[in-house]
Amino acid sequence: MDPSRDAPPLVVENLTKRFRRGEVVIDALRGVSLVVQRGEFVAVMGASGSGKSTLLHVVAGLTPPDDGRVLVDGHDLAAMADRHRTAFRRRHIGLVFQAFNLIPTLTAEQNILLPILADKRLGVDNGRLEDLIAWLGLAGRRSHRPDALSGGEQQRVAIARALVTDPTLILADEPTGSLDSVAGQELCRLLNEQCREHGRTIVLVTHEPSVAAWATRVVVLRDGQVLSQFATAEFGDAHALAAHYHDIVRPAPVTNA
Amino acid sequence: MRVVSRLVLANLRQHPARMALTSLAVIAAACVVIWVVSGYDALLAQFDAFADEYLGRYQLAVVPEGPEQPSGMGQPAGRPIPPEVVHLLQQDPDVAAVDPLVQSPTKKVTRVGPPHEPGESKRAVAAGPNPKRRGPPKDGSSRGGRPGGTKRPGMAPPTSGASSASGAARPFSWPRPTLVGTGAQEPPHEMVQGTWLKSAAPDRPEGVLSDGAAEQINADVGDEVLIETERGEFRLTIVGIVRQASLGGGGPRGPAPSRGPAANAMYVSVALAEKITGEPAKINCINVALTDGVDAESFRRRWNERFRREGFAAAVLDPGDVKEDMEQGFSATRVRNQSYAATGISLLAALFIILTTLGMGVDERIRQLAMLRAVGLTRGQVAAMIAVEALVITRVSPLEAMAPRATTQATRHLTAAALLGLTLIAVNPLLVFVVPMADESRYGIYAALGCTSMAVGFVLLAPLAILLTERLFAPLLAVVLRLDRRLLGTQLGGNLWRTVGTTVALSLGLGLFVAMQTWGYSMLEPFVPGDWAPDVLVCFPYGGLPEGELDDVARIEGVAAERCLPLAVEQPKLAEDITGSRERQTIARQDNVVMVGFDPERALGGADPMLDAVFVEGNREDAIERLRAATAGPVHDCRRRLAARLALDDEVLRAAAAERPFGGPGFRLARGCSPRLRPG
Ligand SMILES: Nc1ncnc2c1ncn2[C@@H]1O[C@H](COP(=O)(O)OP(=O)(O)OP(=O)(O)O)[C@@H](O)[C@H]1O
Ligand SMILES: [Mg+2]
């Protein structure tokens, strides 16, 4: 029986991750639990060092958790052998980072096709590739190398690559971090469209409320724990969302005075 | 600055191996530069200055003809210049002063402190050699005693090299001060202290030192010094010091001219020189000062012509000859050291290139690789990529072994280029080892043709190697790793600029290394003693081992008494230029030979001969018989090209023998006995 049939695309249970640097032990994640439903667009927010990237990496199976479980489409990544985990990631998870997404020696198209080229079982679906390239507005850029592309174009190529295997889950770590607001908003629009029209599940890490406003739900982390969760629909616009977010993360005032 | 040093230190901590190699390479390169520039060029430049000052107030020197005075193995005296030459020169109106020198080697000159009472010094003149002093010297004094300088290293006969401790430091050991008897009225060089020799023979023996000699023995004006010669010991008082050109700031190092006036001298009157040496004065150098306005070059030409015409074995030297002399000896000794150093450096460079390229490749791409992992490449795939890069870089891939698919025109061209490259690479070893050629052209051909062809060859090979990587190796690897070959191909191709650079750099390094080895071995080959050589050669300078003392040597512990063969070694000058040394001197072409006299029966005869030579021509019995008859001698086939110039039964040493009490009129190479140093 295929567990992926009815299971939520992402289930995170009581996730713990520690980093040891010599004597020092850093608790990057302390019992994080999270369920993301199909077609959901979750924005993960939190102060710097709160464990956002770590959460994403563990979810993607790039680093193993110390405790807890991650189920992607019902599959426990930690239980897989590295080869299988890699193949699973290749086929079911699309990853987008803030920078250094692309191989500088490959053209845009080759970069997009990278996951497929790495996998014997995956074939290039030319129709799908054309659609993707057209949808992301990269038609005139396919034979360019990354250094000939703008930052926004580079991120769109990265998104195309994340989508090329038609994955269930897209994980994006501050994809708009190095873009200006126009390019950032454009990127968000494209991701939002993927959720709404293709039922894609997206988890996106961001600092910017204006980016989080495109999501359906916001998860706020602090010190490796989930501090709060709320639906973006509760707030009319990005400003209201930003105000609320700042209320949450502001250090608790000293009450007794 | 602090930030920079911190960054550097941090980097050093991160990549200790690379930093160590980098530092080593930089240091080595710096050393080479310093060594070559200061050690060689600067010294050559010094030769100029030295040669200009060498003759002091004189413009020319007349020396016995030939590159060296034949004071050979243990022979103290040089061949003299006939006194008529002095008279002839004095009659020339162009000549302002003619000062003949009587030069003879000393064994040792030491300062013995303040002067003693006049009568005391006479006691020290001993007749005959002091037997206690015989035996292998502790230093290079036997050779260094030659007037004016050290022996030319390239010409050192094999015996000196093998004579245990005495041979090792010889080529560059500082010569003992040479005893120079002179009747000059004025100092030959500028006086820096004291006075020049008084013309009248004083009741108190006195001498003047060159500043180099004074520094060497730490003597001052007024000091008494002890001279030890073949004949015994003699004390005299230093009355003056002259400034004389020396190399390396007066330090006891470096080459010196092999003929002409001594640079490191103890000047005494001719009468005193005779007394000290116990021999009648023999002129072996004449200093010549010209009158103002006389052209030294035309004078030199005129007199050399005259000497030749009138049959005087003398030649006029000018500073240019002196410089040439020194350079010849100097470069020969450096060749081996240079090849060692260059070999080491090219190895280091190759290692450095491989390591840094690999390191940088991984380093630069660490993010890329992490990203590739994130995108779905397995560990194996990523590792394979790095491995392939390393393989391509170090070229230990099966690339060359694979038959190229000559599908396109380009591939065909590249294949042709590679084949040509391989052929060109093969040219060099073939040139050196196989192709017979004349000596004159050999070095030039090797340098111009061999090295160039090898460099070009390696470069020609590179493109095909790269193409093969993309065309053949990438798909093969892709199949093995179940990876898309386009991906791998582009990955490999994308890093090709680095690969190409590395390949070229490595090829050049490798080429340098191969060239060095080929060249080095081909040069060393004739100098490596073969199985025929005895275990030990012991040199007895200064008159050799007296009669009857051979038994004492045979009784020394560790010496097999019956396997102890006395040799008489002589290095006479060849009368005729049979080796072509007059065209150009090389190691193989010299105007002298090392002659070894021995008991033919003991040396060559019997079932287990001492000198187990291979007879490339003729046979043992014939050789022994003719050797016993003392009309013929075997010749070393030490250099086949040299031997090729010597036909059997050539009269090699006729005139040389006439000059010296050696053999009879004419000395023939024994027919068919040409023992060879090494078979093959
Ligand atoms: N590889 C690692 N080794 C050691 N500590 C790490 C490592 N990666 C993350 N950390 C630590 O874990 C904690 C969480 O880091 P993480 O990168 O997840 O934060 P973040 O929320 O993504 O921050 P930012 O918003 O700045 O990207 C931090 O204290 C960080 O120092
Ligand atoms: Mg982060």
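Rings of Phe, Tyr and Trp (its six-membered ring) pair if their centres lie within 6.5 Å, and planes under 30 degrees apart count as stacked, over 60 as edge-to-face and the rest as tilted. This is a predicted model, in which local features need pLDDT of at least 70 and side-chain atom pairs count only at pLDDT 80 or more, while totals for chains, interfaces and linings use all residues. Residues are numbered from 1 along each chain as its sequence is written, chains are lettered from A and ligands numbered from 1 in the order in which they are written, and side-chain values use heavy atoms, with hydrogens and water left out.

Q: How many aromatic pairs does a search of the whole structure find?
A: Over all chains, the search finds five aromatic pairs.

Q: What makes Phe307(B) count as buried or exposed?
A: Buried means under 20% relative accessible area, exposed over 50%, and partly exposed in between (1.4 Å probe, protein chains only). Phe307(B) has a relative accessible area of 1% and is therefore buried, and Phe312(B), with 16%, is buried as well.

Q: How many disulfides are there over all chains by the rule used here?
A: A disulfide is a pair of cysteine sulfur atoms within 2.5 Å, and by this rule the count over all chains comes to zero. As for individual cysteines, Cys285(B) counts as buried because its relative accessibility is 0%, and Cys564(B) counts as buried at 13%.

Q: Which residues come nearest to ligand 1?
A: Of the 14 residues around ligand 1 (those with a heavy atom within 4 Å of it), Ser48(A), Gly49(A), Lys52(A), Ser53(A) and Thr54(A) come nearest.

Q: How do you know that Lys52(A) makes a polar contact with ligand 1?
A: A polar contact is a pair of N or O atoms within 3.5 Å; within protein, one must be able to donate a hydrogen and the other to accept it, and residues adjacent in sequence count only if both atoms are side-chain atoms. A polar side-chain atom of Lys52(A) lies 2.7 Å from an oxygen atom of ligand 1, so the pair falls within that limit. From the backbone, a polar atom of Gly49(A) is 2.8 Å from an oxygen atom of the ligand, and an N or O atom of Gly51(A) lies 3.0 Å from one.

Q: What makes Glu174(A) count as buried or exposed?
A: The relative accessible area of Glu174(A) is 18%, so this residue is buried. Glu174(A) has a positive phi of about 45° although it is not a glycine.
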